[in-house]
Amino acid sequence: GARDRHGPAQAAWLKIPVGSEPYPGSSMERGLREELASIARRCYERHLTSASDGNASARLPDGTLLVTRSGSCLGDATPEDFIKVDEDGRVLSGEGRPTSELALHVAVYRARPDVRVVLHAHPTAVLSLNLAGIGLDDCLLPEVVLDLGCIPTAPYAAPASPECSVMKPASRPISSSTLTR
């Protein structure tokens, strides 16, 4: 099979079967909120996103989602910053509005029932390559392909637009993609 490309801490979380309890003795939702906030802050600290760019979500075993609040900064994320929505995007609990890119997250979860977390970041290096017309599906360095596999580029769609939520079925499951600009 394919090598694990997420690192030990993230891989353990991402492989938890839907319906299982990864945080024995604690609330699944609380544990997921804490993990999601931690990952969001690390993305910001590693310059994978800035200001209010980027967003994150996670699927709970009952199919509901925890999503970042619109306009929030991932670098300041706390467990309480995630809004709980149903699979149609209706707010169930939390303050504020969900990310304007909620439709993209929902589309990923519908297309990939095995996915538990969606992270939308804006890494400067990836954006730079994209603006130069170089996709990550081009074999720039063999190490990238060996470590991450092929990362396809999807057509650009304006944030929060209906087109942004459309995911074309891939011939094989993918874990990452970029958007053209």
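Colleague: How many of the five residues of strand S1 (residues 55–59) are buried?

Modeller: This is a predicted model, in which local features need pLDDT of at least 70 and side-chain atom pairs count only at pLDDT 80 or more, while totals for chains, interfaces and linings use all residues. Residues are numbered from 1 along each chain as its sequence is written, and side-chain values use heavy atoms, without hydrogens and water. Asn 55, Ser 57 and Arg 59 point one way from S1, Ala 56 and Ala 58 the other way, and all are buried (under 20% relative accessible area with a 1.4 Å probe, protein chains only). S1 is mostly covered, and the count of its buried residues is five.

Colleague: Which residue of S3 does Val 67 stand opposite?

Modeller: S2 (residues 65–68) runs antiparallel to S3, and four bridges join them. S3 (residues 82–85) is covered on both faces, with Phe 82 and Lys 84 buried on one side and Ile 83 and Val 85 buried on the other. The residue of S3 opposite Val 67 is Ile 83.

Colleague: What phi does Gly 89 have in the turn between S3 and S4?

Modeller: S3 and S4 (residues 91–93) pair in the antiparallel sense over two bridges, and Lys 84 stands opposite Ser 93 in S4. The two strands form a hairpin with five residues between them, where Gly 89 has a positive phi of about 90°.

Colleague: How far apart are the end C-alpha atoms of helix H2 (residues 28–45)?

Modeller: H2 has 18 residues, and at 1.5 Å a residue it should span 26 Å; the expected span is 1.5 Å times one less than the number of residues. Its end C-alpha atoms agree with this, being separated by 26 Å.

Colleague: Which residue just after H2 takes a positive phi?

Modeller: At the start of H2, a side-chain oxygen of Ser 27 reaches to within 3.3 Å of the backbone nitrogen of Glu 29. The buried residues of H2 include Met 28, Leu 32, Arg 33 and Cys 43. Just after H2, a positive phi of about 60° is taken by His 47.

Colleague: What is the volume of the largest cavity?

Modeller: A cavity is a set of points on a 1 Å grid over the protein atoms alone where a 1.4 Å probe fits but cannot get out, and its lining residues have an atom within 4 Å of a point. Searching the whole structure gives one cavity of 30 Å³ or more. Among the residues lining the largest cavity are Thr 68, Arg 69, Asp 81 and Phe 82. The volume, the space filled by probe spheres set on the points, is about 40 Å³.

Colleague: What share of the protein chain counts as buried?

Modeller: The chain has five helices and seven strands; helices are DSSP runs of H or I of at least four residues, strands runs of E of at least two, numbered from the N terminus. Of its 181 residues, the share that counts as buried is 35%.

Conventions
Buried means under 20% relative accessible area, exposed over 50%, partly exposed in between (1.4 Å probe, protein chains only). A polar contact is a pair of N or O atoms within 3.5 Å; within protein, one must be able to donate a hydrogen and the other to accept it, and residues adjacent in sequence count only if both atoms are side-chain atoms. Two strands pair if DSSP finds at least two bridges between them. On a 1 Å grid over the protein atoms alone, a cavity is a set of points where a 1.4 Å probe fits but cannot get out, and a pocket is an open set with protein on both sides within 12 Å along at least five of seven lines; lining residues have an atom within 4 Å of a point.
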